[in-house]
Amino acid sequence: MAKLIITEKPSSSVKIANALADSKPTRKRLGGGFYYQLQHGGDEILVASCVGHLYGLSEKGKKTYNYPVYDIEWKPSYLMSKDLNYTKDYVQTISQLAEQAEEIIVACDFDVEGEVIGLNALRFACGRKDASRMKFSTLTKKDLVEAYANRSENIAWGQAIAGVTRHRLDWYYGINLSRALMAAVKAAGSFKVLSTGRVQGPALKILTDRELEIQAFVPVPFWEIQLDGNYSKEAVQAMHVAGKIFDKNQKDKIMSIVANQTLATVASVESNQRKQAAPNPFNLTNLQTESYKLFKITPKRTLEIAQKLYVNGWTSYPRTSSQQLDPKIGFKNILTQLSKQAKYKELAGELIAYKELKPNNGKKTDPAHPAIYPTGTFPDKELHDRERKVYDLIVKRFMATFAPAATRETQTVELDVKGEAFATKGTRTVEAGWHRFYAPYVRLEEVKLPKMEKGKNVEIEKIVALDKETQPPKRYNQSSIIKELEKRNLGTKATRADILDRLFLRGYIEGVQITATELGIETVKLLEKHAPV
C-alpha cells in the first residue's frame, strides 16, 4: 500500500513530489482534485494538498448571530461559506487517497497553524487519530529528502493542542464580542462591520491610548543654546551642556555671560573607540521591521514576499521567532552557492575563506525553525522589485552575521566661553567590518569633527538661544507597533501583521503614522466598560 503525504498548500506538494521522486512524479486527477504519485527508494508515495484551512469552527446547528455562543464544532470550510466551495475537492481527494494509504504523513508548515491544518485533515478527512510528521525549514531537495527519511512517528501534539485551544479561545472571546459590537450598532439603527479579539482588542487599546495621550498633550516651552563657529576654517557646532532650559532667567543669565564673545577655548578633547558587533540573524519581526524602515514595505506584504521566497526554495521558513542559525544548515555550502551569483561573489568568497564560520546569534529561539536564511538557490527573473529587495536584504543580513565587528570612534569636545561649557560630539567608522557585508542597509550617521587640540581656540560666529517646545509622544508606524506587540507577547509572529491590517480595514486606525479614529477610540471605550481585561 502507498504512503500519503499531506501538504499545506498546492505549491508545497509540487516541491515535495519533485524532491522525493526517483524519477518524474505523475500528476493525477481524482474527481475535481489532483494529487502526485511517485516512487522513492522502493516506497509508493501519494502527495495531496490542503489549501490552507479545510475546516473551521462554527456554532452547532443553524447559524445565528446570537451571543454568547459556546457550543461549537469543526466543520468543512465549504459548508461555512460559498466562497470556499473550492475546498471541497481538496477534502474529497485527501479522503479517498487515505482509504488506500498504509501510512499518513503530515508535511504542513511546521508551526502551530500548520499543525492544526494537518490535524484536522488527519482526523476529519482521513479518519485517523495520528500520523507521521515531516519537519523542514526549507523546501530544498536536500532538506525534504532528509525530512522524509527522519520523519517522526507522531504529529507534534503540543503544537496541535495549542493551536486548537487558540482557535476555540478566538471564538469564545473574539466572535462573541464581535457579535455584541455589531448588535450594539444595529440597535442604534445603523450597520457597520466591527470586530475585536484576544489580540485585536489590546492592539487597538495600545494605539488609542497613544492617540489620547497625544490629544491631551500640552507643549511646554524651553530653550537650547547653540554655538556656531569654526576651527581652522572647519565648521563647528556645539550646544550648551545645560541642555533643555525651562527657566527663562537661567537662559537670560547664560546669554548675558556669552554675549559678544568671539572666541571659545577647547577645554577638553576625549576620544574613544568601541567595537560594534555584527547584527543578529533575522527572525520574522526583525525582517518586517527592517523591510519597513528601509523600503516602506508593510509587515503584511513583507511576510507575503518572504513566504513566496520560501515556497520557491530560495529562503528558509519565515514564520520564526529565532535569531539563531544552526551549523547543521551548512554555512559554507550556502555561501558557496551564493558566490555563484555575481552580486554576492566577492563577499561570499571572503567568508568562505574564514577558518571558522560563526554567526552572531541573538538570544531569541524557536523550537520549530532557525532564523531566516537564504538557501543559496538563485531566484529567477520573475522576482518583482520589492521581492528582489527583500531577498537581497535576507542574503546581506545572513552574510553580515559572520563578519567581524566594526569599529566606531567617538570624539567629544568641550568648549569654554567665559566659564560656560558647550559640547560637541562626532562619530565615525574607523573599520567597516560587517558594514561592508550589509551595505547599503547600514544606517549610521557619520559626523566628523575637526581634529581639535586642548587649549586652542574656536572662532565664534554666533551664539543663539533656540526657542523650542516639548513634543508629544510619537505615533506608532506599522513597524514600531509590530515590535510593541512582540514586546508585550501579543499575537504570534504569523498573525501580528494580519491583525494590524484588520484594524485598518475596520476603520479603527488610519495613516502612515498611525492615528486612532473616533470609531477606534469609541470602540475601545465600549469594550473597557463592558468587557474589561
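Student: Is Asn 260 buried or exposed?
Tutor: Asn 260 is exposed, because its relative accessible area is 78%, and the cut-off for exposed is over 50%. Keep in mind that this is a predicted model.

Student: Where does Asn 260 sit?
Tutor: Asn 260 is in the loop between helix H7 (248–258) and S11. Its phi is positive, about 65°, although Asn 260 is not a glycine.

Student: Why point that out?
Tutor: Because most residues other than glycine have a negative phi.

Student: What about phi of Asn 489?
Tutor: Phi of Asn 489 is near 60°, again a positive value in a residue other than glycine. Asn 489 lies in the loop between helix H14 (478–487) and helix H15 (496–505). Asn 489 counts as exposed, because its relative accessible area is 63% and the limit is over 50%.

Student: Let's zoom out. How many helices and strands does the chain have?
Tutor: The chain has 16 helices and 16 strands. Of its 533 residues, 50% are buried. The C-alpha atoms fill a box of roughly 95 × 70 × 35 Å along the principal axes.

Student: Which strands is S12 joined to?
Tutor: Strand S11 (residues 263–276) is joined to S12 by 11 bridges, and the two run antiparallel. Strand S13 (residues 420–431) is also joined to S12 by 11 bridges, and that pair is antiparallel too.

Student: Which residue stands opposite Glu 409 of S12?
Tutor: That is Gln 273. Towards S13, Val 417 has Glu 420 as its bridge partner.

Student: And the turn of that hairpin: how many residues lie between the strands?
Tutor: The hairpin of S12 and S13 has 2 residues between the strands. Lys 418 takes a positive phi there, near 50°.

Student: Switching to rings. How many aromatic pairs are there?
Tutor: A search of the whole structure finds 10. Take Tyr 70 and Tyr 172: their ring centres are 5.6 Å apart and their planes are at 55°, so the pair is tilted.

Student: Where in the chain are those two?
Tutor: In distant parts, 102 residues apart. Tyr 70 is in the loop between strand S5 (55–59) and strand S6 (72–76), while Tyr 172 is in helix H5 (residues 157–187).

Student: How exposed is each?
Tutor: Tyr 70 is exposed, with a relative accessible area of 52%. Tyr 172 is partly exposed, at 27%.

Student: What about the pair of Trp 434 and Tyr 438?
Tutor: That pair is tilted, with 6.2 Å centre to centre and 50° between the planes. Both Trp 434 and Tyr 438 are buried.

Student: Which charges sit over rings?
Tutor: Here are two. Arg 27 lies over the face of Phe 34, at 3.9 Å from the ring centre. Lys 296 has its charged end over the ring of Tyr 292, 5.4 Å from the centre.

Student: Back to the backbone. Where are cis peptide bonds?
Tutor: One joins Tyr 67 and Pro 68, with omega about -5°. Pro 68 lies in the loop between S5 and S6. Another joins Ala 439 and Pro 440, with omega about 10°. Pro 440 lies in the loop between helix H13 (435–438) and strand S14 (457–469).

Student: Why flag them?
Tutor: Because most peptide bonds are trans.

Key. Residues are numbered from 1 along each chain as its sequence is written. This is a predicted model: local features need pLDDT of at least 70, side-chain atom pairs count only at pLDDT 80 or more; totals for chains, interfaces and linings use all residues. Side-chain values use heavy atoms; hydrogens and water are left out. Two strands pair if DSSP finds at least two bridges between them. Helices (H or I, at least four residues) and strands (E, at least two) are DSSP runs, numbered from the N terminus. Rings of Phe, Tyr and Trp (its six-membered ring) pair if their centres lie within 6.5 Å; planes under 30 degrees apart count as stacked, over 60 as edge-to-face and the rest as tilted. Buried means under 20% relative accessible area, exposed over 50%, partly exposed in between (1.4 Å probe, protein chains only). A charge sits over a ring if NZ of Lys or CZ of Arg is within 6 Å of the ring centre and within 35 degrees of the ring normal.
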